[in-house]
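Please keep the model open while you go through the points.

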Amino acid sequence: MIDTANYGLLLVILFVTAYPFYYLLITSFNSGSDALLGGAYFWPSDFTLENYKTFFNDRKWLIALGVSVMRTVIGAATGVLFTSLIAYGLSGKDLVFRNFYFVVVIFAMYFSGGLIPYYVVLRSLGLLNSFGVYIIPAMLNTFFLLIAISFFREIPNDLKESAYIDGANELTIFYKIILPVSKPLLATMALFMGVGQWNSWLDAAYFVRDENLRTLTYRMIEIINKSQIPRESIAAAAGASNVTSYSLQVTAMIVSIAPIICVYPFLQKYFVKGIMLGSVKE
Amino acid sequence: MEAETIKAEMAINRSSVWKRFKKQRSAHFFVWIGLMYLFVFAYTPMFGILMAFKDYSIVTGIKGIFTSEWVGFRYFIEFYNEYKFYNIVRNTLALSFLKVVFTFPVPILFAIMLNEVKHLPFKRVVQTVSYLPHFISWVVVLGLAFTFFSSHVGLVNQVLLAWGWIEDPLPILTGSSYFWGLAVGSAMWKEAGWWAIIFLAAMAGINPALYEAAQIDGAGRLARIWHITLPGIKGTVVVVLILTIGSILGGGLVGSNFEQAYLMGNANNNDTSEIVQTYAFKVGLAQGRYSYAAAIDLVQSIISVILIFSSNYIAKRFSGSGLF
């Protein structure tokens with residue numbers, strides 16, 4: 001009895017979670033004017049690739065996609081390198097002033113000056129309206145900093161000692177010894193920072209004005225607001241094109257979700273540990 | 001005599017500290033790069049809070065934060081006298097309260113339900129799918145809300161109309177009375193599966209012998225959940241609850257009040273969707289009233305800090321464990 005109810009309820013949850021993604025997918029393969037009529041719930045009623053063709057032929061969308069890919073790749077790479085370098089510096093067990101350093105880091109983790117003063121700082125640094133505003137403020141992730149510190153502490157000291165004897169300096173040790181043995185950590189950080197970059201939208205909406213720096217998320221907000229006005233989509237449907245702003249919006253959403261589904265198996269491998277640490281430290 | 005020994009010891013300590021420091025100088029160099037970074041991106045904005053008490057103009061840059069004229073609590077009073085003040089505060093509190101009430105227990109219930117599933121592949125499929133929404137952007141969630149709930153293309157409205165349950169499409173995205181439900185529902189949809197992970201992990205740590213013993217003693221399914229599973233995850237629940245209450249103004253664990261109010265709020269549902277953060281954001285960045293916006297933001301930060309310290313204190317008193 002209890003089992004039946006439990007399985008039944010979980011099936012409902014499964015459906016409610018998975019079906020929206022499936023519905024997006026079929027809608028993106030459905031002709032735009034047909035989608036407005038409704039009725040295609042499990043299979044496209046008028047199959048077409050027009051939506052994707054339009055999306056990938058539109059310069060505006062391609063630029064947005066390019067900016068999003070760039071910020072994801074560069075943002076994750078610089079974030080991982082910078083955060084782990086600082087973490088390596090902090091990981092020494094007998095580091096002088098260690099407690100002071102940690103207080104500074106943890107205080108910055110718990111308290112913030114709020115958005116407005118932050119904006120003033122970005123403005124004074126000349127970061128507004130530049131690609132750097134996506135990358136530089138996200139280079140040091142204090143949450144991963146703490147995880148990386150505890151990871152580096154577990155690395156046996158003998159590895160470093162032998163390199164010291166060979167006359168290597170700290171930067172060489174970090175680069176040649178620490179990073180290669182920390183691949184699981186680096187992969188986790190890269191995946192999470194990458195997903196964060198890919199999904200970020202606020203900075204693209206408010207810290208940037210240049211049309212060539214808009215991200216995929218920004219363009220999605222734009223088109224969602226546009227297709228929220230019924231006249232728009234109906235007018236488009238009546239026109240010659242089968243692609244409406246609604247069908248284009250759905251297509252953009254699929255393009256935004258697809259990479260996350262692709263890295264999902266890898267994300268899954270690591271994130272349980274991540275959330276455990278996060279819940280205690282956050 | 002004694003003083004001299006202490007002095008001598010201190011001198012030795014000092015020199016050994018200096019020696020260690022010199023030996024570790026490259027490590028310190030890396031650390032100092034990080035500290036400088038934090039100084040610029042985390043600590044300078046904290047000093048920037050001063051602008052809430054000053055007549056700050058953006059053209060004066062960072063220096064202006066210190067040099068502009070003091071105006072005391074002028075902007076705080078201005079916010080209090082703002083005609084939307086009541087609505088904004090009510091929405092912030094209502095949204096935060098509703099979200100905690102609903103999004104805190106749901107992951108626990110979901111984790112218990114999954115924990116009771118003996119069919120492992122089924123459990124794995126449900127769990128894997130349940131935290132997928134955590135990894136997608138709020139912008140995509142906005143798009144999904146539009147796809148399912150809008151009056152003209154929304155699937156839910158289409159189906160309800162087709163079945164004859166409603167005469168006119170429900171204005172879920174544009175009606176004031178729907179916004180809180182929409183916000184709570186979408187937050188739950190996006191994050192419940194993710195937060196269930198931590199409770200499932202806690203449940204995995206419960207000794208199976210306890211369940212066997214209870215079963216021999218004749219405890220039923222629900223009795224075992226009540227007397228073994230729930231006490232077994234009590235510590236985790238307390239930690240999560242403190243975090244939730246501390247971040248309540250941001251939307252609790254799911255922390256999404258701003259995203260939702262900003263993305264799903266519109267001119268039609270503004271009287272229930274405008275919250276302190278979105279209001280501060282709009283008057284600050286869109287209207288350029290920086291001091292005023294900083295003052296509004298500061299009110300919310302202070303309340304949040306008070307909440308996290310008091311919830312931690314209460315948790316310590318009652319359960320003997322807190323965060324700090």
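1. Start inside chain B. Helix α6 (residues 105-115) of chain B packs against helix α10 (residues 179-204) of chain B at an angle of about 60 degrees, with the axes 7 Å apart. Helices here are DSSP runs of H or I with at least four residues, strands are E runs of at least two, and both are numbered from the N terminus. Axes are lines fitted to C-alpha atoms, for helices over the stretch in contact, and angles run from 0 to 180 degrees between N-to-C directions. The angle makes α6(B) oblique to α10(B). The cut-offs: under 35 degrees is roughly parallel, over 145 roughly antiparallel, 65 to 115 roughly perpendicular, and the rest oblique.

2. This is a predicted model, in which local features need pLDDT of at least 70 and side-chain atom pairs count only at pLDDT 80 or more, while totals for chains, interfaces and linings use all residues. Residues are numbered from 1 along each chain as its sequence is written, and chains are lettered from A and ligands numbered from 1 in the order in which they are written.

3. Now the handedness and the residues of that pair. α6(B) and α10(B) cross in a right-handed way. A crossing is right-handed if the near helix is turned clockwise from the far one by less than a right angle, and left-handed if anticlockwise. On α6(B), the contact includes B:Phe110 and B:Leu114; on α10(B), it includes B:Trp195 and B:Phe199. Residues are in contact if their C-beta atoms, placed from the backbone, lie within 7 Å. By class, this contact has 13 nonpolar, two polar and no charged residues. Nonpolar covers Ala, Val, Leu, Ile, Met, Phe, Trp, Tyr, Cys and Pro; charged covers Asp, Glu, Lys and Arg; the others, Gly among them, are polar.

4. Look at chain B as a whole. It has 17 helices and zero strands. Its radius of gyration is 26 Å, whereas a compact globule of 324 residues would have one near 20 Å. That radius is taken over C-alpha atoms, and the globule rule is 2.2 Å times the number of residues to the power 0.38.

5. Chain B also divides into domain 1 (2-67) and domain 2 (74-319). These bounds come from an automatic or database domain assignment. The domain centres, taken over C-alpha atoms, are 38 Å apart. Seven residues from each domain make the contact.

6. Turn to chain A. It has 15 helices and zero strands. Helix α4 (residues 59-90) and helix α8 (residues 142-153) of chain A have axes that come within 8 Å and cross at roughly 50 degrees. That makes α4(A) oblique to α8(A). Their crossing is right-handed. Among the contact residues are A:Ile86 and A:Leu90 of α4(A), and A:Phe144 and A:Phe152 of α8(A).

7. How many residues of chain A are in contact with chain B? The number is 71, and they meet 70 residues of chain B. Helix α15 (residues 245-281) of chain A gives the largest share of chain A's side, 15 residues. That side has 49 nonpolar, 18 polar and four charged residues.

8. Finish with one pair across the chains. Helix α13 (residues 216-227) of chain A and helix α8 (residues 138-149) of chain B have axes that come within 9 Å and cross at roughly 20 degrees. α13(A) and α8(B) are therefore roughly parallel to each other. This crossing is left-handed.

How values were computed:
Contact = placed C-beta atoms within 7 Å.
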